[in-house]
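Please open the model in your viewer and keep the sequence beside it.

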Amino acid sequence: MGTGRQAANSIRKQILSSFLIMSLLFLVAGFLFLSAATKFKDQLSAATPIQEQLLRAQSIIWLDEVLTHSIKSYLYSKDEAWKNRYEEYGAKLDGIITEAQQNADNDKIKVLFEEQKGINDQLIKMETQAFDLMKENHGDQALTLIEGKEYTEWKKKYTKTINEFLRESETGEHAFRKIINDNLKKVVNISQYTFGATILIGIGIIIFGYVLSKWIAEAIKKAITITGCTAQGDLKSNNASSSLSEIKELFQAIQLMKTRLTEIVVKVQATVKTVSAATAEIARGSSDLSQRTEEQASALEETASSMEELTGTVKQ
């Protein structure tokens, strides 16, 4: 009983160990995917400063156009709303340029934004002169200054500096797009590998379960066949075996049972033969005794008859 319980526990442990290994494989696959996702998140975080610089550059371009449009509209219309708009967005532009300069991640970009700051200061200086001329009622001179060659050249330099930053391959728009695309490719590849590994692990579990169930089913079927033959009195059925050590022990126990039963049957048969021989001998002895008894009775009858004849003769 103890050996059977140990064998059952051993089979249970093997099955649990196999499923534990499969679960660990799934955990490893999940951990790898999580690590890749975390790495992708970190790389995106690293790309965030680049994106912020790009947004600053776009804001600089937009605010510069707003300021140019505001001062020209003021010079033509003399509407103070345009001047107020210029002053509002002028402060924002100056702050964004300062932020871009402070957050530059290499010397080249820092120099570009320093140059951008100097150009912006020069444009503000010329635009301030135009406002002063308007105050002195010299609107024509103010328009000539804003629409003149010098102002236009400074504007071209202003735009050129921003475009140089945007064209930078290391920290510009191309670098940012490259980081995003590379990380997306990594995530796609890792997802494909994880999906493939999951499929392979699932197929492995199915195959393992099928083979294990087949082994156990065949072993149980053989055991049932052997015990059924034994129950019907056939003690000479073929022996069975299995590659599973625990099932093999079960078959060995069944074979040992058959051997012991065969020995018992042989002993009983021998005992029956001995008893049958003794019974036959007793029967023969009883038959001889009965025959002798009959012979003695017949002799006594003859003796009695002779005595009667003798008695009758004497009386005569």
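Are both Tyr74 and Phe131 buried or exposed? Both Tyr74 and Phe131 are buried, where buried means under 20% relative accessible area, exposed over 50% and partly exposed in between, with a 1.4 Å probe and protein chains only.

Before going on, note that this is a predicted model, in which local features need pLDDT of at least 70 and side-chain atom pairs count only at pLDDT 80 or more, while totals for chains, interfaces and linings use all residues. Residues are numbered from 1 along each chain as its sequence is written, and side-chain values use heavy atoms, with hydrogens and water left out.

A search of the whole structure gives three aromatic pairs; rings of Phe, Tyr and Trp (its six-membered ring) pair if their centres lie within 6.5 Å, and planes under 30 degrees apart count as stacked, over 60 as edge-to-face and the rest as tilted. Select Trp62 and Tyr89, an edge-to-face pair with 5.8 Å centre to centre and 85° between the planes. Trp62 belongs to helix H1 (residues 2-77) and Tyr89 to helix H2 (residues 80-102), 27 residues apart; helices are DSSP runs (H or I, at least four residues), numbered from the N terminus. Tyr89 is buried, its relative accessible area being 17%.

Next select Tyr74 and Phe131, a tilted pair with 5.3 Å centre to centre and 50° between the planes. Tyr74 lies in helix H1 and Phe131 in helix H3 (residues 107-135), so this pair ties together parts 57 residues apart in sequence.

Conventions
Helices (H or I, at least four residues) and strands (E, at least two) are DSSP runs, numbered from the N terminus.
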